[in-house]
Amino acid sequence: MQEEDASRFQTELEFVQCLCNVRYLHYLAQNKYLEDPAFLNYLDYLQYWNQPQYSRFVVYPQALSFLALLQSEAFRRELSKPELVDMICLLYTSDAADEEDSVDLGGRRIIKKKKITKNMIELYNYNI
């Protein structure tokens, strides 16, 4: 039984950590996973990862923030919109605030900042 528990623990930990990838969340929204009651129940079940005895294993703490945000129907609905995904990506890029109109992602490419609408900011602030 301990082997099964260890496997389940690792599988759930890997899934929770995937939630830090906003493009993955966008994929889930576009493919209607975030509308499936069984999947929503699973996300609710995974809230136990916010407890200190479990959260200490999470390498990407923003995954827990997104896990909490996914409890909001409004946030799940907005995730299907590419402009929200772009905004979140910019918020998690450390040097986005330092640049005037672009962001350097490790020399790989330059992303022009998108116009962030008032509704997107209100949604983000409401859910955090």
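Figure 1. Beyond neighbours within four places in sequence, His-26 is in contact (heavy atoms within 4.5 Å) with Leu-79, Ser-80, Lys-81, Pro-82 and Val-85.

**Figure 2. The pair formed by Phe-15 and Tyr-42**. The structure contains 14 aromatic pairs. Rings of Phe, Tyr and Trp (its six-membered ring) pair if their centres lie within 6.5 Å, and planes under 30 degrees apart count as stacked, over 60 as edge-to-face and the rest as tilted. The ring centres of Phe-15 and Tyr-42 are 5.6 Å apart and the planes stand at 50 degrees, so this pair is tilted. It links distant parts of the chain, 27 residues apart: Phe-15 belongs to helix 1 (residues 2-18) and Tyr-42 to helix 3 (residues 37-45). Phe-15 is buried at 14% relative accessibility, whereas Tyr-42 is partly exposed at 27%.

**Figure 3. The aromatic cluster**. One cluster includes Phe-15 and Tyr-42, together with Phe-9, Tyr-24, Tyr-27, Tyr-33, Phe-39, Tyr-45, Tyr-48, Trp-49, Tyr-54 and Phe-57.

**Notes.** Residues are numbered from 1 along each chain as its sequence is written, and side-chain values use heavy atoms, without hydrogens and water. In this predicted model, local features need pLDDT of at least 70 and side-chain atom pairs count only at pLDDT 80 or more, while totals for chains, interfaces and linings use all residues.

Key:
Helices (H or I, at least four residues) and strands (E, at least two) are DSSP runs, numbered from the N terminus. Buried means under 20% relative accessible area, exposed over 50%, partly exposed in between (1.4 Å probe, protein chains only).
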